[in-house]
Amino acid sequence: SMHPEFTVLFMLLFVLLCILGLLANGFIVLVLSREWVRRGRLLPSDLILFSLGLSRFCLQWVGMGNNFYYFLHLVDYCSGPARQFFGLPWVFLNTVTSWFGSWLSVLFCMKIANFTHPAFLWLKWRFPRWVPWLLLGSLLTSFTVTLLFFSGNHALYKGSFTRKPFRNMTYHQWSRILEMYYFLPLKMITLSVPGSVFLASIALLIHSLRRHAWRMQRSGHSLQDPGGQAHTRALKSLVSFLVLYILSFVSLIVDAAGFCSSDSDWYWPWQILVYSCTSIHPFILILGNLRLRGASGHCGTWASHVGSSQTRSQNRVSCIGRWVLYR
């Protein structure tokens, strides 16, 4: 059994991770919102980044509320309306975030990979025009998945309210059956489909990089040419995203299977893994995007010119986001 001190420590680490995620995702949303207002539109890549940052920002808030209410009020959460109040927005935001991340990886692949197959060239030309419709389709798909979860949660809530056995089963047995044979497969399908799109994009990029390296070796050129560097940067971003995505995916499956309930010693460590992708990956995106990186640099330049000591002390608070980005 884990000591209470370690439980409190992991709770604080979880809160710190969520705060960092809120700062990074909020920064992305703020910068791209100003760009949207100034220009009246966003590039396809910026539109995906804006949607991903906004969904992750909302997911962090809902996740913190959901986890702490579940941890502190387990009985009320399972038998009352809190499961719907917190769970349904969490399902929607988690699903739509997975789709937005997959479309970002597809866009990287379309922009960087250098295949000459007619189907790939046609898709590469069409994909930027499809981005708004793909984002809208992701919202509709996530809404449909949320309705499916709502029906399952409603069955649980109704059984908890009536407390009547279902086919000679207790309410607890009925809830476990729903969790294992309805919610868990639904969660796996919901995460696996965008995950497969994401993996396919990474596989194409790796194959494109191998072909590019082979051609460079045959022609006697270095891999440090602009094409090779673009491949490398995109792969670094996507591979880091892949590692974080796998950690979050496995953690969500373990969480859905009920192995780490709120009374488990490993509940908060697993929650840290669940939210590691939404909190850490935004920093990778910021450092890899020239516009976002430049905006964070302007914050530091502005802070260095503040003259009065009183204003400088206030400014330290306003530039926490800039300090975090370069740690």
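**Close-up views of a predicted helical protein**

View 1. R56 is buried, with a relative accessible area of 2% (buried means under 20% relative accessible area, exposed over 50% and partly exposed in between, using a 1.4 Å probe and protein chains only). Please keep in mind that this is a predicted model, in which local features need pLDDT of at least 70, side-chain atom pairs count only at pLDDT 80 or more, and totals for chains, interfaces and linings use all residues. Residues are numbered from 1 along each chain as its sequence is written, and side-chain values use heavy atoms, with hydrogens and water left out. R56 belongs to helix 2 (helices are DSSP runs of H or I with at least four residues, strands are runs of E with at least two, and both are numbered from the N terminus). Although R56 and T278 are 222 residues apart along the chain, their C-alpha atoms are separated by 6.0 Å.

**View 2. The whole protein, for orientation.** How many helices and strands does the protein have? There are twelve helices and zero strands. Reading along the sequence gives the pattern α-α-α-α-α-α-α-α-α-α-α-α. Of the 327 residues in the protein, 46% are buried.

**View 3. Helix 1 beside helix 2.** Here you can follow helix 1 (residues 4-39) and helix 2 (residues 44-72), which pack at an angle of about 155° with their axes 8 Å apart (axes are lines fitted to C-alpha atoms, for helices over the stretch in contact, and angles run from 0 to 180 degrees between N-to-C directions). That angle makes helix 1 roughly antiparallel to helix 2 (over 145 degrees counts as roughly antiparallel, under 35 as roughly parallel, 65 to 115 as roughly perpendicular and the rest as oblique). Helix 1 and helix 2 cross in a left-handed way (the near helix is turned anticlockwise from the far one by less than a right angle; clockwise would be right-handed). Their contact brings together 18 nonpolar, nine polar and two charged residues (Ala, Val, Leu, Ile, Met, Phe, Trp, Tyr, Cys and Pro count as nonpolar, Asp, Glu, Lys and Arg as charged, and the others, Gly among them, as polar).

View 4. Is F14 buried or exposed? F14 is buried, with a relative accessible area of 0%, whereas V15 is partly exposed at 25%. For V15 and M64, 49 residues apart along the chain, the C-alpha separation is 7.6 Å.

**View 5. Helix 8 alongside helix 2.** Helix 8 (residues 267-274) packs with helix 2 at an angle of about 170°, and their axes are 12 Å apart. Helix 2 and helix 8 are therefore roughly antiparallel to each other. The crossing of helix 2 with helix 8 is right-handed. Helix 8 is mostly covered, with six of its eight residues buried. Which residues of helix 8 are buried? They are Y267, W268, P269, Q271, I272 and V274.

**View 6. F92 in helix 4.** F92 is part of helix 4. With 23% relative accessibility, F92 counts as partly exposed. F92 and T141 lie 49 residues apart along the chain, and their C-alpha atoms are separated by 9.2 Å.

**View 7. The second largest pocket and its lining.** The second largest pocket has 22 lining residues, and F108, R233, G288, N289 and L290 lie nearest its centre. (On a 1 Å grid over the protein atoms alone, a pocket is an open set of points with protein on both sides within 12 Å along at least five of seven lines, while a cavity is a set where a 1.4 Å probe fits but cannot get out; lining residues have an atom within 4 Å of a point.) This pocket holds about 670 Å³ of space (the space filled by probe spheres set on the points, which are joined across faces, edges and corners). Helix 2, helix 4 (82-112), helix 7 (226-256), helix 9 (276-288) and helix 10 (290-304) each supply at least two residues of the lining. Sorted by class, the lining has twelve nonpolar, four polar and six charged residues.
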